[in-house]
Amino acid sequence: VTVPYTVGGTAKEGTHYRVLTPDPLVIPAGKTAGEITLALLDNVLPEDNKTVIATLGTPVNATAGTLQSHRLTILDNDPAPAVSFALSGSQGAEDSGPAQIDVVLGSPSGKQARVEYAVTGGTAVSGRDYKPASGVLLFEPGETVKRIEVGVQDNKLHEDSRTVELSLSNPVNAVLGAQKVHIHTITDND
């Protein structure tokens with residue numbers, strides 16, 4: 001008996017699995033079953049579970065039974081990537097424009113990842129030395145770098161350098177990495 005078959009689903013051949021059984025499936029004379037064998041591949045990419053659906057075609061030398069397809073779910077086993085600041089600190093003169101602070105994922109992900117950020121401390125005064133900064137960074141699948149912009153303001157006062165402390169919190173589809181706080185130092189130019 002020969003049975004043609006197709007393989008589909010949300011999983012991608014060559015990325016999530018490889019088909020090892022030639023098409024059509026051959027069931028030798030005297031046997032009552034055959035197997036379609038797949039090799040599952042670990043792509044080391046955090047992502048949603050994937051499905052493989054094998055569907056039988058019209059058999060030769062037999063009639064089709066009632067169950068013509070089989071669904072296999074590939075469970076993802078890859079850990080969520082760590083999200084953290086690229087550096088622990090930075091500095092810039094108060095007249096140098098916005099501070100650009102990078103946040104990175106430790107590895108690419110197949111899922112959208114997000115993390116909240118906010119100013120949580122420092123010696124700089126909100127509204128006088130910088131514009132308030134808070135929000136959510138969204139990393140689309142495959143993205144590994146996002147940037148926070150802190151609007152540093154030139155207050156025209158002669159004073160010591162001041163700091164802005166930024167923190168990351170509440171990651172989704174990621175975990176907080178070791179560098180979850182960044183200190184930006186605003187140096188006086190007056």
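A pocket, found on a 1 Å grid over the protein atoms alone, is an open set of points where a 1.4 Å probe fits, with protein on both sides within 12 Å along at least five of seven lines; its lining residues have an atom within 4 Å of a point. The model is predicted, so local features need pLDDT of at least 70 and side-chain atom pairs count only at pLDDT 80 or more, while totals for chains, interfaces and linings use all residues. Residues are numbered from 1 along each chain as its sequence is written, and side-chain values use heavy atoms, with hydrogens and water left out.

**View 1. Lining of the largest pocket.** Sixteen residues line this pocket, and Ile36, Ala54, Leu56, Ser69 and His70 lie nearest its centre. Its volume is about 390 Å³, taken as the space filled by probe spheres set on grid points that are joined across faces, edges and corners. Strands β6 (50-56) and β7 (69-74) each supply at least two lining residues; strands are DSSP runs of E of at least two residues, numbered from the N terminus. The lining divides into 11 nonpolar residues, four polar and one charged (nonpolar: Ala, Val, Leu, Ile, Met, Phe, Trp, Tyr, Cys and Pro; charged: Asp, Glu, Lys and Arg; polar: the others, Gly among them).

**View 2. The open sheet of five strands.** The strand order is β9-β16-β14-β11-β12, with mixed pairing; two strands pair if DSSP finds at least two bridges between them. At the edges, β9 (89-93) and β12 (134-139) each pair on one side only. Strand β11 (residues 113-121) runs antiparallel to β12 over six bridges, and Ala118 has Ser134 in β12 as its bridge partner.

**View 3. The largest nonpolar core.** Of its 22 residues, Val103, Phe139, Ile148 and Val150 touch the most other members. Strands giving two or more residues to this core include β8 (82-85), β10 (99-105) and β13 (145-150). The largest share, four residues, comes from β10. Such a core is a set of buried Ala, Val, Leu, Ile, Met, Phe, Trp, Tyr and Cys residues joined through side-chain atoms within 4.5 Å; buried means under 20% relative accessible area, exposed over 50%, and partly exposed in between (1.4 Å probe, protein chains only).

**View 4. Backbone at Pro24, Val44 and Asn173.** Most residues other than glycine have a negative phi, and most peptide bonds are trans. The bond from Asp23 to Pro24 is cis, with omega near 5°. Val44, in the loop between β5 (38-40) and β6, has a positive phi near 50°. Val44 counts as exposed because its relative accessibility is 61%. Asn173 has a positive phi near 60° and counts as partly exposed at 33% relative accessibility.
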